[in-house]
Amino acid sequence: MSVWYPWLYQYGVGGVIFVVSVVLLLRSGALNLRHLPHRFLLGALIAGLLGFAAFHAFWISQAAGA
């Protein structure tokens, strides 16, 4: 389990920072979900974060022999 602690920390703390950033963008009006390009951008950011986390988890599991 100890091989997963860095992953949990990286995506836990990084996820909190990501969510706080998105909330600030929405509150300031810099990200307007009524505009299609903004919705696409938000979707791409979320998909990228989740995709990279999954890819990273896959390689950790392969390296750890889990």
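**Entry 1: helix α2.** I began with the length of α2. Its 29 residues, at 1.5 Å a residue, should span 42 Å, and the end C-alpha atoms lie 41 Å apart, which agrees. I note that this is a predicted model. The helix covers residues 36-64. Just after α2, I found Gly-65 with a positive phi of about 75°.

**Entry 2: the buried side of α2.** Which residues of α2 are buried? I listed Leu-42, Ala-53, Ala-57, Ile-60 and Ser-61. Next I looked up their partner. The buried residues of α2 pack against α1, residues 5-28.

**Entry 3: a surface patch.** Phe-52, Phe-55, Phe-58 and Trp-59 make a nonpolar patch of about 470 Å². I checked two of its members. Phe-58, which sits in α2, has 43% relative accessibility, so I count Phe-58 as partly exposed. Trp-59 has 46%, so Trp-59 is partly exposed as well.

**Entry 4: aromatic pairs.** How many aromatic pairs does the whole structure hold? My search of the whole structure gave 4. In one of them, the ring centres of Trp-7 and Tyr-11 are 5.1 Å apart and the planes meet at 50°, so I call the pair tilted. Phe-58 and Trp-59 have ring centres 5.2 Å apart and planes at 70°, so this pair is edge-to-face.

**Entry 5: back to α1.** I returned to Trp-7 and Tyr-11. They are 4 residues apart in helix α1, which means about one helical turn separates them. Are they buried or exposed? Both Trp-7 and Tyr-11 are buried. Together with Trp-4, they form one aromatic cluster.

Key: Residues are numbered from 1 along each chain as its sequence is written. This is a predicted model: local features need pLDDT of at least 70, side-chain atom pairs count only at pLDDT 80 or more; totals for chains, interfaces and linings use all residues. Side-chain values use heavy atoms; hydrogens and water are left out. Patches are made of residues with over 30% relative accessible area and no salt bridge: like charges are joined within 9 Å, nonpolar side chains (Val, Leu, Ile, Met, Phe, Trp, Tyr) within 5 Å. Accessible areas come from the Shrake-Rupley method with a 1.4 Å probe; for residues, only the protein chains shown count as cover. A salt bridge is a side-chain nitrogen of Lys or Arg within 4 Å of a carboxyl oxygen of Asp or Glu. Helices (H or I, at least four residues) and strands (E, at least two) are DSSP runs, numbered from the N terminus. Buried means under 20% relative accessible area, exposed over 50%, partly exposed in between (1.4 Å probe, protein chains only). The expected span of a helix is 1.5 Å times one less than its number of residues. Contact means heavy atoms within 4.5 Å. Rings of Phe, Tyr and Trp (its six-membered ring) pair if their centres lie within 6.5 Å; planes under 30 degrees apart count as stacked, over 60 as edge-to-face and the rest as tilted.
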